[in-house]
Amino acid sequence: MVREHYSKKIEDVKHKVLRMGSLVENVIEMSVKSLKDQDTELAKRVFTEDDKIDDLELEIEQDCMNLLALQQPLAKDLRTIATALKIITDLERMGDHAVNIAKITLDIGKEPLIKPLVDIPKMADRAQEMVKLSLDAFVNESVEEAEKIAKMDQEVDDLYDIVIEEVFKILSERKEFIKQGTKLLFVGRYLERIADHTTNICERIIYMVTGELREIN
Amino acid sequence: MEPKIKIRDMNFYYGDNKALKDINMNIYEKKITAFIGPSGCGKSTFLRTLNRMNDFIEDTRVEGKITLDDIDIYSKDIDPVELRRKVGMVFQRPNPFPKTIYENIVYGLRKNGVNDKQILDEVVEDTLKSVALYDEVKDKIHKSALELSGGQQQRLCIARAIAMQPEVILMDEPTSALDPISTMKIEELLLDLKENYTIIIVTHSMQQAARISDETAFFLNGEVIEHGETKVIFSNPRDKRTEDYITGRFG
């Protein structure tokens with residue numbers, strides 16, 4: 001094949017994006033598990049895993065810059081590189097949200113939780129699944145999958161509404177829970193943002209495949 | 001890593017005209033080094049000093065020192081023909097001999113007294129494979145090389161250079177006479193060949209230098225303005241003149 005070396009470099013970028021995505025899936029799971037189990041050791045591991053995500057982001061950005069500067073990518077190659085550059089920003093931000101959740105785990109420490117966590121882990125499951133599926137769609141270059149995943153965002157938003165209602169109800173009865181309650185609201189917000197970032201990824205996949213820039217949701 | 005070729009305080013003259021000024025450069029083994037710069041900046045002249053092709057031009061003179069594996073290539077003990085066997089060359093226009101594909105490749109070997117058919121057959125097959133031409137020409141290797149397309153002829157010329165088992169291959173704008181697809185094939189070939197050879201290429205296409213080289217040197221008015229890693233030269237050059245040239249703002 002002509003330009004085999006160049007094609008391999010683009011494939012390498014895609015593989016690195018996938019690796020970054022699976023690290024992000026992992027930190028989302030770890031952060032919410034650490035909160036649910038009040039496991040501060042696990043929360044601290046989220047920080048070190050997030051450092052790996054940050055390093056990988058810089059590495060992928062450098063690879064993309066080299067491809068842009070040296071290989072004159074055009075058409076789909078150009079869109080793929082532009083997509084990778086955008087996706088890694090979203091992934092990096094998701095990692096930061098997981099870190100924020102892990103920080104809340106540390107803040108709460110061993111203080112008893114004001115309620116058993118049910119919907120927050122559900123939100124995390126959905127968000128994590130969205131990340132995984134969006135990266136599958138990236139590899140499969142599937143517009144259909146990307147559109148389907150973006151629709152899942154509504155489920156996360158609905159769960160977030162339930163979390164808000166529930167926490168508000170507890171706080172209206174027990175003012176002394178206001179500190180922890182607010183933190184749990186933030187956790188809900190972080191997970192909701194993670195799902196939104198996945199929607200951004202889906203928009204970029206559609207752009208990569210079709211060349212069409214459009215908002216979903 | 002020890003450089004394969006070292007150039008120290010080198011000046012080159014056409015008569016009284018100093019065409020290259022104070023060149024100092026290291027060229028590393030099994031890398032592709034590209035020379036870029038506007039026409040008349042001295043890059044081809046410099047390339048030809050590396051296998052003493054300028055010896056053929058009257059009233060030219062070299063000052064300074066150029067070593068290949070630490071041996072001074074301008075020393076009196078050096079046989080230029082022997083040097084050119086180690087430092088092969090491919091030119092701008094494909095220049096196959098008006099002979100068969102087979103005889104083009106074995107030409108240098110025959111000149112050196114190798115006539116064993118089995119050896120020559122092997123060399124022909126191996127070199128055609130290494131320039132990715134074998135599948136295209138295997139049924140016509142005893143036909144005239146002039147029947148090949150321009151791109152195929154250029155790959156044949158590279159095969160002819162490789163048949164002599166050189167250590168360094170100099171290329172003077174090897175794709176400027178070729179169409180884009182043939183150009184890409186040659187570039188892909190060079191990326192494969194650098195596993196075994198040190199390649200130095202003069203190119204008018206900055207994009208080509210960017211795509212395939214590990215190191216790039218920018219020449220201007222007989223001087224090396226900047227030389228370094230290709231990805232640095234093309235993304236963050238140190239010298240404003242390099243930046244102006246590669247971004248098309250030159251002059």
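In which helix of chain A is A:Glu29 placed? A:Glu29 sits in helix 1 (residues 4–36) of chain A.

The views below show a predicted model, in which local features need pLDDT of at least 70, side-chain atom pairs count only at pLDDT 80 or more, and totals for chains, interfaces and linings use all residues. Residues are numbered from 1 along each chain as its sequence is written, chains are lettered from A and ligands numbered from 1 in the order in which they are written, and side-chain values use heavy atoms, with hydrogens and water left out.

**View 1. A:Glu29 in helix 1 of chain A.** Helices are DSSP runs of H or I with at least four residues, numbered from the N terminus. A:Glu29 has a relative accessible area of 41% and is therefore partly exposed (buried is under 20%, exposed over 50%, partly exposed in between; 1.4 Å probe, protein chains only). Its C-alpha atom is separated by 7.1 Å from that of A:Gln128, 99 residues apart along the chain.

**View 2. A:Met65 and A:Asn66 in helix 2 (residues 40–71) of chain A.** A:Met65 is partly exposed, at 42% relative accessible area. With A:Leu68 and A:Leu78, A:Met65 makes a nonpolar surface patch of about 230 Å² (residues with over 30% relative accessible area and no salt bridge, nonpolar side chains of Val, Leu, Ile, Met, Phe, Trp or Tyr being joined within 5 Å; areas by the Shrake-Rupley method with a 1.4 Å probe, only the protein chains shown counting as cover). A:Asn66 counts as buried because its relative accessibility is 15%. Neighbours within four places in sequence aside, A:Asn66 is in contact (heavy atoms within 4.5 Å) with A:Gln71 and B:Lys231.

**View 3. The interface between chain A and chain B.** Here 10 residues of chain A are in contact with 12 residues of chain B. The buried area (accessible area, 1.4 Å probe, that two parts lose on being put together, summed over both) is about 1000 Å², and carbon and sulfur atoms give 60% of this. Between the two chains there are zero salt bridges (a side-chain nitrogen of Lys or Arg within 4 Å of a carboxyl oxygen of Asp or Glu).

**View 4. A:Asp157 in helix 5 (residues 143–173) of chain A.** A:Asp157 is buried and has no salt bridge; A:Arg189, the nearest side chain of opposite charge, is 7.6 Å away (Lys and Arg count as positive, Asp and Glu as negative; His and the chain ends are not counted). Residues up to four places away in sequence aside, A:Asp157 touches A:Glu192 and A:Asp196.

Methods:
Patches are made of residues with over 30% relative accessible area and no salt bridge: like charges are joined within 9 Å, nonpolar side chains (Val, Leu, Ile, Met, Phe, Trp, Tyr) within 5 Å. Helices (H or I, at least four residues) and strands (E, at least two) are DSSP runs, numbered from the N terminus.
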